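Student: Please take a close look at the interface and walk me through it in one connected account, giving the cut-offs behind each term as you go.

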Amino acid sequence: MPSIETKAQNFKILIRVRTLCLALMIFLLWWAEGTETSSAVIVGWKILIFAGILGLVFVVLGKIKKITGILLPFVLLLDSVLVGLWVSVSGGPVSYYIPFFMLTLISAIMVLPARTVVVVILGILGVFIGTIYLDFIWNLPASFEAGKINFISDALEKLPPADRETIYHQQTVRWFFFFVMMIATGVLLMRQVWLREERVRIREKALEQKRHLIQMGELTGRIAHGVNTPLGLISGNLELLMAETRKGSSTLKQLTQIDQYVQRAIRTVRDILDFSRQSMSEIKPVSLLQVIQAVTSAVQAKLKKVGGTLILDVDPKLPDVTGYPEGLFQVLLNLLENAVDSIRDGGIVTLSAHFQYRSLRLSAHDRRGEIKIVVRDTGRGIAADELKRIFEPFYSTKGFGKGTGLGLAIVKRIVDEHQGSIKVESRLSEGTVFTLLLPTDGLAREESNHPDDFYYNEPITHQKETSE
Amino acid sequence: MKKSSSKKRPAAKKPAKNPVGKAHLLVVDDEADFAKMIQKTLVQSGYRVDAATSATQAIALQRKHSYDLALVDMRMPEMTGLELLQYLKVRDKKIFVLIMTAYGSFTIGIESLRKGASDYLSKPFKLKTLKDKVGEALKRRAQFLEEQRVHPERATMDEL
């Protein structure tokens, strides 16, 4: 199956061919009949030719500079209007319009999801049938016989007034039919093309950003590594020293203080490293089950300290998510750690993850969905004015020195990178709910992909440790 | 500290009795001070600990002794921690390995677990965490050896 980019490219070529055809046809019409008609008709055709040339300019532009997502729909709209105009002033048979419809149809098939294609085909069929009905069932006069190009004015002059009225009527109906259909098709295609171009552009931008971040990441990675090793040595030796120091002595107090500062430095370096590292790993299908398992085991120690309960409500049939495993791990870890931090003894943290179809679908065949992850805690909650700023970098509610204020900023960034969304609701002293939506191309699995089915959703409860 | 160990038989024939108390550990880190610090900590916890500052040294040490558990740094000049891990495992299937990494990253963690490490520690870590993880790894090793003794055909390292 060709990629979206190839499809969009093919579509662009078809659009150019279509515009070119239109311009040629208009030219032929003018060449065949131009000299013998009234001045008003000639003016009309001049306008059409001008429009056709404009279409050609677009084609040329498209060759020199890529027609971008914004221009392309306008080209499409333009030639829809041209076809409408042409139909309105000429009285030729249906076969004249077929090339346009075929091109529209082919380009539609190339870019549209199945359901929309069906809509377009039905619409075009409707127009064909309608036109054939008008042309053949209504017994048009002989001057409108197939294969001849007729100008309305020429033909009408030779007709009796009653017939003329009928022709006017039919012509208006036909004109209306075609014009509306072309605009509708144009708008439909426009929306699709725009959506796809937008997606391609987002991807290109992300790639660009990624390249930049890789350089950044290498730099920060090196710095962090250089700082981490001495920090590790300092903190380790400090711990050894503290163990040797007599309890209650002032030396121990001072050492404890040093240790606190060292721990803060370690946390800061780790957060900065996390913040810069996300895009370094490659994009691949990630098993969220694996990530959730790793995260739950990573927060065990903290949970134990607080004496809280973790309830897992995870669908074992979760499809994979395309993204950075590292990043997704970080997101869930930060959210869970925040939740555990906010609860007191006996508090409950709930992590649920389920698959759902996207609420906004392109068509009924659009089976893609998203994974909804909810992290809920019964902790102290966040005030409304703080809630607004919660995803800002370096904004922390944990108090000076306790948090770097990067945790949720990291979460937001990673979620954005996965084209997901995150929402937070909170009530003071009642708790906080983070709702995370991650798009996935995969469908819910038929079978659980985890051999042990470890998510039997049993609460993991810890009694508060009395002594540490 | 390591006088009697050279007479030991290879690990394959060593019985699995009380492995926690007498556990023989190997610390490998190119940062000599770091290796020494970990050695000191673990000696304080009652383990026998050898330290190596390079992969070659670690391999040489493994020829002479049989270790229960090796703590291996991820980033070293001669070979990565994962390569050393595989090397150690080839020579002694019963050795358990903890990977220490300064890029405390989930993927490296998963990668090392996949390659057969029993756990990983991201630097900088608390020495208490280190002790906990070492204790836990040794406990699991004891279980593993017991399992292997009872069902020798069933237990392999991959299942742990």
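Tutor: Across the interface of chain A and chain B, four residue pairs are in polar contact, both residues being at pLDDT 80 or more; such a contact is a pair of N or O atoms within 3.5 Å, where within protein one must be able to donate a hydrogen and the other to accept it, and residues adjacent in sequence count only if both atoms are side-chain atoms. The side of chain A that touches chain B draws at least two residues from each of α7 (161-244), α8 (250-277), α9 (288-306) and α10 (325-342) of chain A, helices being DSSP runs of H or I with at least four residues, numbered from the N terminus, as are strands, which are runs of E with at least two. Its largest share, 14 residues, comes from α7(A). By class, this side has nine nonpolar, 10 polar and six charged residues, where Ala, Val, Leu, Ile, Met, Phe, Trp, Tyr, Cys and Pro count as nonpolar, Asp, Glu, Lys and Arg as charged, and the others, Gly among them, as polar.

This is a predicted model, in which local features need pLDDT of at least 70 and side-chain atom pairs count only at pLDDT 80 or more, while totals for chains, interfaces and linings use all residues. Residues are numbered from 1 along each chain as its sequence is written, chains are lettered from A and ligands numbered from 1 in the order in which they are written, and side-chain values use heavy atoms, with hydrogens and water left out.

The contact (heavy atoms within 4.5 Å) takes 25 residues from chain A and 21 residues from chain B. Together the two chains bury about 2,000 Å², 64% of it on carbon and sulfur atoms, buried area being the accessible area (1.4 Å probe) that two parts lose on being put together, summed over both. Of the area that chain A buries against chain B, A:His225, A:Leu233 and A:Leu240 supply 26%, more than any other three residues.

As for charge pairing, there are two salt bridges between chain A and chain B, each a side-chain nitrogen of Lys or Arg within 4 Å of a carboxyl oxygen of Asp or Glu. In one, B:Lys126 pairs with A:Asp259, their closest N and O atoms being 3.3 Å apart. A:Glu244 and B:Lys40 also form a salt bridge, at 3.4 Å from N to O; because A:Glu244 lies in helix α7 of chain A and B:Lys40 in helix α2 (residues 32-44) of chain B, this pair joins two chains.
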